[in-house]
Amino acid sequence: MELDAKIPVTELDQKWADYKNHVNLVSPANKRKLELIVIGSGLAGASAAATLGELGYKVKVFCFQDSPRRAHSIAAQGGINAAKNYQNDGDSVFRLFYETVKGGDYRSREANVYRLAQVSGNIIDQCVAQGVPFAREYGGLLSNRSFGGTQVQRTFYAAGQTGQQLLLGAYGALERQVSMGNVTMYERHEMHDIVIIDGKARGIIARNLVTGKLERYFGHAALICSGGYANVFYLSTNAMGSNVTAAWKSHKKGAYFANPCFTQIHPTCIPVTGDHQSKLTLMSESLRNDGRIWVPKNKGDKRRGIDIPNEDRDYYLERRYPAFGNLVPRDVASRAAKERCDGGYGVGTTKMAVYLDFADAIKRYGKIETGKLGMTDTKNETITELGKEVIAEKYGNLFEMYEKITGENPYDVPMRIYPAVHYTMGGLWVDYELMTTVPGLYSLGEANFSDHGANRLGASALMQGLGDGYFVIPYTLSRYMADEIRTNAISTSHPAFDEAENGVKERIERLMNVRGNESVESFHKRLGKIMWDKCGMSRNEKGLSEAINEIKALRKEFWGNVKVSGEILEMNPELDKAGRVADFLELAELICIDALNRKESCGGHFREESQTSEGEALRNDEQYSYVAAWEYTDSGEILHKEELTFEVAMPSQRNYK
Amino acid sequence: MEHYTMNLTLKVWRQKNRQEKGHFETYDMKDILSEMSFLEMFDVLNERLILENKEPVVFDQDCREGICGACSMYIDGRAHGPWQKNTVCQLHMRAYKDGDTIVVEPWRSAAFPIIKDLMVDRKAFDRIIEAGGFISVNTGNAVDANSTPVDRAKSEEAFDSATCIGCGACVAACPNSSAVLFVGAKISQLALLPQGDPERKARVINMVDQMDKEGFGNCGNIYNCEAECPKGISVENIARMNREYLGAFSSSEMQTRPNPAKHNGV
Amino acid sequence: MTWKQLLTSSLGKKYLMGATGFFLIIYLIVHASVNALIFYDDNGATFNVVAHFMLHNYFIRFLEIGLFAVFILHIVQGLMLWKQNTSARKINYYRQNFPREIKWYSRYMGWLGTFILLFLVLHLYNFWAGTKHELYFKGPSNDLYKEMKKVFTSPLLFTLYMLGLVSLLFHLLQGFQSAFQTFGINNRRWIPIVRRIGIFYSIIICIVFALMPIAFMAGWLQ
């Protein structure tokens, strides 16, 4: 099948307006007869479901959590970008577009990114109208901050809980539609398969996680808004339940999976403490604005961090990247930390951590404060005391969180941090309309691949999730639905539903009947280790080939030796997890295949074979300026390429020196 | 930070499903690391139970960073355990010492029926939000975000109310199983913002009405909700709700929007 | 919203508790002030004059009906809330601990109220029934001062009165600030003041009442 992104043929800044002006519409009377299925209730799912409900469609929303408000969008800390230019500092739709494409290392689609930048401002308007309490200035207007080293202040935020506030806004809008009868909410339900009738997505098979029963639901179209797949690495900053199942089942039913190897590793997370570790916690990127990252100059330095004098410290980011210093992009900072730790300079009990030190910032702010107060007496304790107050005001909640987890007080001793998997840029391939290669099957938010290329910029994930849900899908879905007004609701006793349900049933029974000796969790951990070691921050041909074989072997072992306790017809989180891990075991192989295929370094994907003499990532635009979209077949994955053409944002090499 | 290992006795509530009666089961936990989180200790227990062909303990959890509000355990008589302003998932084992016995129970409230073991059904909260915990603004209706300045102090207060994670610790910790802190927080958030003003009267009436239908108890102004709230939501929110409700009743122009929620609770 | 809706809602019930509570708080001031006349060292002459006036004044007797109504509302509503609150948790916790800032008495308002109710029955029997007997059944004329002396010098009754007052003290400590919270008067500026006034009020009222039996028991008053 030829990939057609269906990008409107006109000037870049006219494409979206042109599309909206010409798209087919559906009358209110017809909308009432059209049913939709939304999988996932995070920013993308909740905003899409609420908006489509408002328009009059009959929407069913499914989430595996006990409430739509728990979707993992809730954990986003930093903020949301929007090209409002409220700060009068030169921001514009074009700049946001340009920086997103450049930040994504020229592996995203210009038209999609431009549209995202265009709708970014509307998102803020909508959220404020919903009662999202963004940070404000004393005059009562919205406050902005700069995020991830951008030169403009375009990030809107609500303390360190922006994701929570945005999600609760969308959740409120969703619940409003539930109360009006436009949306039906199915909590504690997990999608297990897509039902395809005459080549179109027409429904799903979902498992009611409380009763364990399989249920059938019809929809004229379905939207996959199930988030990313970072948990394929076992340890990530994703929630424990975050999974790829909905996206993977869609893939197996014909939706292409694009750029799966583009995973983002966030440089500032709390390091792993041991084998018991179940997940990792992010410390907001904003900490790098004031913290200095270092490791001891000497290998195996046994002294405590605060006892190591300045001359024995290696501020390696400042050394390697004098222009950007500690504010280099996420991928660069992450790799640099790995390089030091692999070299034996790591700190902490596991030696897989680097220091993020606020001592200098505390001193600097303390001095400014004493100056402000006109203090002539500049005892060191006074300066430190005042400096700590400033730091507490800026990062208090993060410091508290760090102390809760580690038991160390980061005001007195340097934080220990290490990179962790955080976000996945890859996902279901979608066209300009966010439709996958299966007609009637859409994908929004992190679940799709479209806007972040090979690397996502800070504060852009929230923007994309809400942009897709509030402002893109209502228009693009209308194009498809206009042709569906004559399609009556299909009964769920249709043979296609029988077939899909039987498939799901068989698979669940197979999982339960292995009755082996190893827990699901243990398999997941082993998978994570393979992925992290061989397909993590830095990848090479040999490692990836090994990983593919190891994953295949592990998958075989899983199906021969997994032990799933409990029964099918009851609340059984072990069974839920088993299904998810089984899917991760398949996806993992595809990630490695994709990583092996892409013999260039770009964004979060670093191939050791493709680097400059100084060890920096080297892109290969001649050969790899394409989206790798993988088609699932019984005999293996087939690669389809969507060539990326850049008309406005011309590719250049990133340079942070 | 000194790390150490400890042996513990865990007393955990086990209940097959909503209908069957529950009971406590005692487990000896060996070599638990002080660095583990409380839920990671449960992971260790579950791994062991699975390998012993026993049923692992079921509990709600998801983000494990204290923000999603899924985790919900009543530990040694305290919602979310011994640390204040904390969720179970952020509780770490260094809070305990060798030889301790820990009692773990589910949230107990008639409005939160048990699904299994430590997992309860908190849909009552969603239904309360459905009754009015939102601002009725369709997508696309919004005016420019900066067209309405908002008093910064009020905005910050609204934010403090909005940090509620909907975990239900307030209900669990309340001797009366009252949900007023949860409801008051949402009502406060929206009452403090100019955007929430047009619907404030109908909102408070409908949300309180739904809360009453769900079978929660009445507030006794004991304030254990505030003390146990992982986000430190203040009981001032309850006072504000009380004012809003009285104000809504007193106003003559009040017309109740029929409560749209279809469910009548438990 | 109708009155019925208001008064049957969970918040409405609380308003009723708060409003009747406020009324009773004020009533206690009046009650304590009148009774304090016994300390006017004339062997109860002044006190008995006022008591006689209050017994025979129609306006006061009309108010008394209102007072009873308020008492009954407060008691019945309180008991109903207590029952409802208990049934909102079908299975109790095996273990329940409270942080130190949670005052124990705030959790036992139902019990404290019940103790006060029992005390009230005794109290009415001791001091109220006799006066009504005199008034409506032409019973013997009541010398309340003497009655007090009789009651308060009985060790059993003395002890019961002291226990009743302890219950009242804690009931008031929680009830006073609670009533303010119920009517939404709670913010950072006012609540510390309200709390202090509440503590001051509760202690003073209970001390004044307690001094009466003590004074008779100790023989300060004859």
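User: How many helices and strands are there in chain B?

Analyst: This is a predicted model. In it, chain B has eight helices and seven strands. The C-alpha trace of chain B spans about 65 × 45 × 40 Å along its principal axes.

User: What share of the residues in chain B is buried?

Analyst: Of the 266 residues in chain B, 62% are buried. Contacts can also be read by sequence separation. Taking contacts in chain B with a separation of 6 or more, 73% are between residues 24 or more positions apart.

User: Into which domains is chain B divided?

Analyst: Chain B splits into domain 1 (5-116) and domain 2 (123-250). The centres of domain 1 and domain 2 of chain B, taken over C-alpha atoms, are separated by 29 Å. Their contact involves 18 residues from domain 1 of chain B and 16 residues from domain 2 of chain B. On the domain 1 side, the touching residues are eight nonpolar, seven polar and three charged.

User: Turning to the chains together, which pair of chains shares the most contacts?

Analyst: Two pairs of chains are in contact, and chains A and B share the most contacts. Here 65 residues of chain A meet 69 residues of chain B. On the chain A side, helices H3 (43-55), H5 (110-129), H6 (162-179), H11 (380-406) and H16 (573-597) each supply at least two residues. H6(A) gives the largest share, nine residues. By class, this side of chain A has 23 nonpolar, 25 polar and 17 charged residues.

User: How many residues of chain C are in contact with chain B?

Analyst: There are 36 residues of chain C in contact with 43 residues of chain B. The elements of chain C that give two or more residues to this side are helices H2 (10-35), H4 (58-87) and H7 (155-182). H2(C) provides the largest share, five residues. The side of chain C that touches chain B has 15 nonpolar, 14 polar and seven charged residues.

User: How far apart are the nearest C-alpha atoms of chain A and chain C?

Analyst: They are 19 Å apart, and the two chains do not touch.

User: Into which domains is chain A divided?

Analyst: Chain A has domain 1 (12-262 + 425-481), domain 2 (265-421) and domain 3 (495-624). The C-alpha centres of domain 1 and domain 3 of chain A lie 24 Å apart. In the contact between them, 37 residues of domain 1 of chain A meet 36 residues of domain 3 of chain A. Strands S6 (189-197), S7 (200-208) and S8 (214-218) and helix H7 (245-252) of chain A each give two or more residues to the domain 1 side.

User: Now for strands. In which order do the five strands of the open sheet in chain A stand?

Analyst: In general, strands of a sheet pair through backbone hydrogen bonds, either parallel or antiparallel. In this sheet of chain A the order is S11-S15-S14-S12-S13, with antiparallel pairing.

User: Why is one side of S11 (263-269) and of S13 (313-314) in chain A left without a neighbour in the sheet?

Analyst: S11(A) and S13(A) stand at the edges and each has a single partner strand, so one side of each has no neighbour in the sheet. S11(A) is joined by five bridges to S15 (residues 415-424) of chain A, running antiparallel. Thr263(A) is opposite Thr424(A) in S15(A). Helix H9 (residues 330-342) of chain A lies across S11, S12 (292-296), S14 (354-357) and S15 of chain A, at about 65° to S11(A).

User: Which residues of S1(A) point one way, and which the other way?

Analyst: In a regular strand the side chains alternate between the two faces of the sheet. In S1(A), Glu35(A), Ile37(A) and Ile39(A) point one way, while Leu36(A) and Val38(A) point the other way. Five of the five residues of S1 (residues 35-39) of chain A are buried, so the strand is largely enclosed by the rest of the structure.

User: Which strands are joined to S1(A) by bridges?

Analyst: S2 (residues 58-62) of chain A is joined to S1(A) by five bridges and runs parallel. Val38(A) stands opposite Val61(A) in S2(A). Together S1(A), H3(A) and S2(A) form a right-handed β-α-β unit. S9 (residues 221-224) of chain A is also parallel to S1(A), through four bridges. Leu36(A) has Ala221(A) as its bridge partner in S9(A).

Notes:
Residues are numbered from 1 along each chain as its sequence is written. Chains are lettered from A and ligands numbered from 1 in the order in which they are written. This is a predicted model: local features need pLDDT of at least 70, side-chain atom pairs count only at pLDDT 80 or more; totals for chains, interfaces and linings use all residues. A residue is buried if 20 or more other C-beta atoms lie within 10 Å of its own, exposed if 12 or fewer, and partly exposed in between; C-beta atoms are placed from the backbone. Two residues are in contact if their C-beta atoms, placed from the backbone, lie within 7 Å. Ala, Val, Leu, Ile, Met, Phe, Trp, Tyr, Cys and Pro count as nonpolar, Asp, Glu, Lys and Arg as charged, and the others, Gly among them, as polar. Two strands pair if DSSP finds at least two bridges between them. Axes are lines fitted to C-alpha atoms, for helices over the stretch in contact, and angles run from 0 to 180 degrees between N-to-C directions. Domain bounds come from an automatic or database domain assignment. A crossover is right-handed if, with the strands pointing away from the viewer, the path from the first strand over the helix to the second runs clockwise.
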